[in-house]
Amino acid sequence: YNMILLLDVLNIMNQKDLKGNPEIFSICFFTYSRTKKTGGEMIELKNAVKTGLPFSLKDSQMIGVKVPKSSHHPIAVNTRLITRFNGEKVVL
């Protein structure tokens, strides 16, 4: 497997194309809720983009991701639980 640093993943997510649209990527991560003590489900999204989160979820390690043109709400992702990005294994 090819590997990519988490810092590089976060930088790529923040990029925009020439028209100002967010960078599209594939991402694989595990869910986890500290408050509900639930999670452990692996989620894989193809054609995802980074998006904002409600203020209550803003945390230095949380980002929002969603699939454009889908009816799903953004998903809050703990950046440390990202395992794959654009087919590459994420390392800290």
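Q: Which residue stands opposite Thr-38 in E3?
A: Ser-33 does. Keep in mind that this is a predicted model.

Q: How do E2 and E3 run, and how many bridges join them?
A: They run antiparallel, and seven bridges join them. E2 covers residues 25-33 and E3 covers residues 38-51.

Q: How many residues sit between the strands in that hairpin?
A: Four. Lys-37 belongs to this loop between E2 and E3.

Q: What's the phi of Lys-37?
A: Positive, at about 55 degrees, although Lys-37 is not a glycine.

Q: Is Lys-37 buried or exposed?
A: Exposed. Its relative accessible area is 64%, and the cut-off for exposed is over 50%.

Q: What about Asn-47, where is that one found?
A: In strand E3. Asn-47 is not a glycine either, yet its phi is positive, about 60 degrees. Asn-47 counts as exposed, at 51% relative accessibility.

Q: Staying with E3, how does it pair with E4?
A: In the antiparallel sense, over three bridges. E4 spans residues 62-66.

Q: Which residue in E4 is the bridge partner of Thr-51?
A: Gly-64.

Q: New topic. How many aromatic pairs does a search of the whole structure find?
A: One. The rings belong to Phe-25 and Phe-85, with their centres 5.1 Å apart.

Q: And why is the pair called tilted?
A: The planes of the two rings are at 35 degrees. Under 30 degrees would count as stacked and over 60 as edge-to-face, so what falls in between is tilted.

Q: Which strands do the two Phe residues lie in?
A: Phe-25 lies in strand E2 and Phe-85 in strand E6, residues 82-85. The pair therefore ties together parts that are 60 residues apart in sequence.

Q: Switching to Asn-78. Where is it found?
A: In strand E5, which covers residues 75-78.

Q: Buried or exposed?
A: Asn-78 counts as buried, at 13% relative accessibility. The limit for buried is under 20%.

Q: What lies 2.9 Å from a polar atom of the side chain of Asn-78?
A: The backbone nitrogen of Arg-80.

Q: Which residues is Asn-78 in contact with, leaving aside neighbours within four places in sequence?
A: Arg-34, Gln-61 and Met-62. Of these, Met-62 falls in E4, since that strand covers residues 62-66.

Technical notes. Residues numbered from 1 in each chain as written. Predicted model: local features only at pLDDT ≥ 70, side-chain atom pairs only at ≥ 80, totals over all residues. Heavy atoms only, no water. Buried < 20%, exposed > 50% of the residue type's maximum accessible area, 1.4 Å probe, protein only. Polar contact = N/O pair within 3.5 Å; in protein donor to acceptor, adjacent residues only side chain to side chain. Contact = heavy atoms within 4.5 Å. Pairing = 2+ DSSP bridges. Phe/Tyr/Trp six-rings, centres within 6.5 Å; stacked < 30°, edge-to-face > 60°.
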